[in-house]
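Please write a short report on the local structure of this protein. Cover the sheet, the helices and a few loop residues.

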Amino acid sequence: MTPADLSRTVLHAVRRAVADGALDAPVPESVSVERPRPGGCGDYATNVALRLAGPAHQPPRAVAEALRDRIAGQPGIASIEITGPGFLNITLHSRAQQDLVERVRQQGAAYGHSRQLAGVAVRFEAGEELRARVWADVLGRLLRSQGAETEDGEVERPHVVPATDQTQDPAADATRWALLSAAAHDRPRTGPHLLVQHESNPLFTVRYAHARSRALSRNAGRLGITTEQPAAEQPTVDAPALTGAIGDHPAVLASAARLRAPDRLVRHMEATADALLSFQHTVLPLGDEKPSAAHRSRLALAEAAGTVLAGGLSLLGISAPDYL
């Protein structure tokens, strides 16, 4: 279950509570879920009960209890706790990681794509300014990944701080990364530092992490380790940061498209790459260690991360080489 799936599950519970008469409040358009903050527990948390308490004229904990009863038992949900003034803390079933990896395997480069913006029609026009042209191109890719039409519709113009150097090649990977990585209201930092083959260069780190995922697959094949068996038959891997980054990918794509903010995807690529590079050393057997089911699970997770990185870089219009 991805955060987007969980958000829909919680929203459905809100609708049921309103329909049942347990809540007298307008149903929100969406519900946000995030990693628990200090003092929380479980895999994800939501403050939807606090948001609904005022309109419903009920204490937040009473709203949380009404929602907990309607979320409990839903597919993928292991348990729910109410903490603080009314936060819902949700723990997913132990198979959640395996189901996530299987979903990425099945959907490939389309993992994270959805129909959330189906019916939206918009056309981006950027003029001659370099950064605006790159943003317009990537925003079109992001919106199409969420089901929007971008050939015809209301005209939008990206509002971004222009690049200082207008002579750069908009198709060059380093140029695109520099122009996309800063928020729209920040001036992009361009220059030769984005060509440095070093971990201090975020673009290099992201593409290196993708290349490492491919190298792990090649090396695993030489050792006879494959991920052909169903993910459900593989044990869970203790890698919350990497699992979370993979699971968050659909929500990141949706928000980057909805908010017209490709820099959100850039930051997510960096977080995914960092998590994969911290995890990669556990994937293959070391020394006299024999290949096991745990190695297959770790490899499957690393391959899923590589798929996320490749898909994200493609939407940014940046190449993802298998060798670096």
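Three strands make up an open sheet in the order β1-β3-β2, with antiparallel pairing. Strands are DSSP runs of E, at least two residues long, and helices are runs of H or I, at least four residues long, both numbered from the N terminus. Two strands count as paired if DSSP finds at least two bridges between them. The edges belong to β1 (44–46) and β2 (77–83); each has a single partner strand, so one side of each lacks a neighbour in the sheet. On average, neighbouring strands are turned by 25° against each other, direction ignored. β2 pairs with β3 (residues 87–92) in the antiparallel sense, over 6 bridges. Ile82 stands opposite Leu88 in β3.

This is a predicted model: local features need pLDDT of at least 70, side-chain atom pairs count only at pLDDT 80 or more, and totals for chains, interfaces and linings use all residues. Residues are numbered from 1 along each chain as its sequence is written, and side-chain values use heavy atoms, with hydrogens and water left out.

Helix α1 covers residues 3–20. Its 18 residues should span 26 Å at 1.5 Å a residue, and its end C-alpha atoms are 25 Å apart, which agrees. The expected span is 1.5 Å times one less than the number of residues. Buried residues of α1 include Leu6, Val10, Val14 and Ala17. Buried means under 20% relative accessible area, exposed means over 50%, and partly exposed lies in between (1.4 Å probe, protein chains only). An α-helix has 3.6 residues a turn, so residues three or four places apart point the same way. Gly21 follows α1 and has a positive phi, near 90°.

Next, a helix pair. α5 (residues 130–145) and α6 (residues 173–181) pack at an angle of about 85°, with axes 10 Å apart. Axes are lines fitted to C-alpha atoms, for helices over the stretch in contact, and angles run from 0 to 180 degrees between N-to-C directions. The two helices are therefore roughly perpendicular to each other, a term for angles of 65 to 115 degrees. On the α5 side, the contact uses Leu130, Arg131, Val134, Trp135, Asp137, Val138 and Arg141; α6 brings Arg176, Leu179 and Leu180. Contact means heavy atoms within 4.5 Å. The residues of this contact divide into 6 nonpolar, no polar and 4 charged. Here Ala, Val, Leu, Ile, Met, Phe, Trp, Tyr, Cys and Pro count as nonpolar, Asp, Glu, Lys and Arg as charged, and the others, Gly among them, as polar.

| Residue | Relative accessibility | Class |
|---|---|---|
| Asn201 | 2% | buried |
| Pro162 | 37% | partly exposed |
| His57 | 73% | exposed |
| Arg260 | 23% | partly exposed |

Asn201 lies in the loop between α6 and α7 (202–222). Leaving aside neighbours within four places in sequence, Asn201 contacts His193, Leu194, Leu195 and Val196.

Pro162 sits in the loop between β5 (149–156) and α6. Not counting residues up to four places away, Pro162 touches Glu129, Arg187 and Pro188. Pro162 and Asp186 are 24 residues apart in sequence but 9.0 Å apart in space, C-alpha to C-alpha.

His57 is in the loop between α2 (48–56) and α3 (60–71). Its phi is positive, about 55°, although His57 is not a glycine. Arg260 is in the loop between α8 (240–258) and α9 (262–279). Arg260 is not a glycine either, yet has a positive phi of about 55°.

How values were computed: Parallel < 35°, antiparallel > 145°, perpendicular 65-115°, else oblique.
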